[in-house]
Amino acid sequence: MKILVTGPEGVPGSNLVRELLRRRYSVSTLIYNESLSRTLDNFLIDKIYGIILFPVDLICFKEHGAVIRCAVSTCIFPAHSKVVVLTNVEGTRYIIKACLEYSVSRLTYIGTANSSALGRSLNHPWVEIIPYTCIKFELDHMDSKRLAHGVDLYDARRRTMQALLINQTLTIGLYDSKPGSGKMILSLYKRKIPGFPKEGKNYITAQKFNRKVNTK
């Protein structure tokens, strides 16, 4: 199966591309055209540059059996941002529309398993059925992710397309080009932030094993 990954520059996407190649899938990537990430430089894969908000750039979905959507905006500041909402919500709608138009059989959305997308519950596991309460913070970062989940799950499935939502927790690991989540580890090391947050956090590693992937 030929698989296209959007947003492959971050920790989840970059490690996902490597895992797909290890499993011998044919992989293409849609990379943000202003990205400075170098995490996939050594891989001889089909690298397409574009923006998910431009339908013309999504023509690359053609002849792919599956699309994995890793591209999201994680900007927290400013609190209200049209770019964040457009990327996370409208971007998802454009991707669904393109999958339907180009007969992509399966869409996987890499979401987030924290209070920015799921309801909060300190005494029980966080699941989608818990009421979403973070709207009180009035942060587009949080609200847009919650809305995007609804768009993916209900709209895509309603149109009989296979749609899978994977809610990951905070991911740390190799190929963190910015760094992104790794910046928190560096801040802890440099004692810029305290090491004991008030509430719980769940962390996962991007690499289960240290496995090599043939880059040719």
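A salt bridge is a side-chain nitrogen of Lys or Arg within 4 Å of a carboxyl oxygen of Asp or Glu. Side chains of opposite charge can pair when their charged atoms come close. The structure described here is a predicted model, in which local features need pLDDT of at least 70, side-chain atom pairs count only at pLDDT 80 or more, and totals for chains, interfaces and linings use all residues. Residues are numbered from 1 along each chain as its sequence is written, and side-chain values use heavy atoms, without hydrogens and water.

The structure holds 4 salt bridges. One of them joins the side chains of Glu19 and Arg22, with an N to O distance of 2.8 Å. Both residues lie in helix H1 (residues 11-22), 3 residues apart, or about one helical turn. Helices are DSSP runs of H or I with at least four residues, numbered from the N terminus. Glu19 is buried, at 17% relative accessible area. Arg22 is partly exposed, at 35%. Here buried means under 20% relative accessible area, exposed over 50%, and partly exposed in between (1.4 Å probe, protein chains only). Glu19 and Arg22 also belong to a network of salt bridges that includes Arg23.

Helix H2 (residues 82-101) carries Glu90 and Arg93, again 3 residues apart and separated by about one helical turn. Their side chains form a salt bridge of 2.7 Å, N to O. Glu90 is partly exposed, at 27% relative accessibility. Arg93 is partly exposed too, at 40%.

Arg38 pairs with Asp41 in a further salt bridge; the closest N and O atoms are 2.3 Å apart. Arg38 is exposed, with a relative accessible area of 62%. Asp41 is partly exposed, at 37%.

Key:
Helix = DSSP H or I, 4+ residues; strand = E, 2+ residues; numbered from the N terminus.
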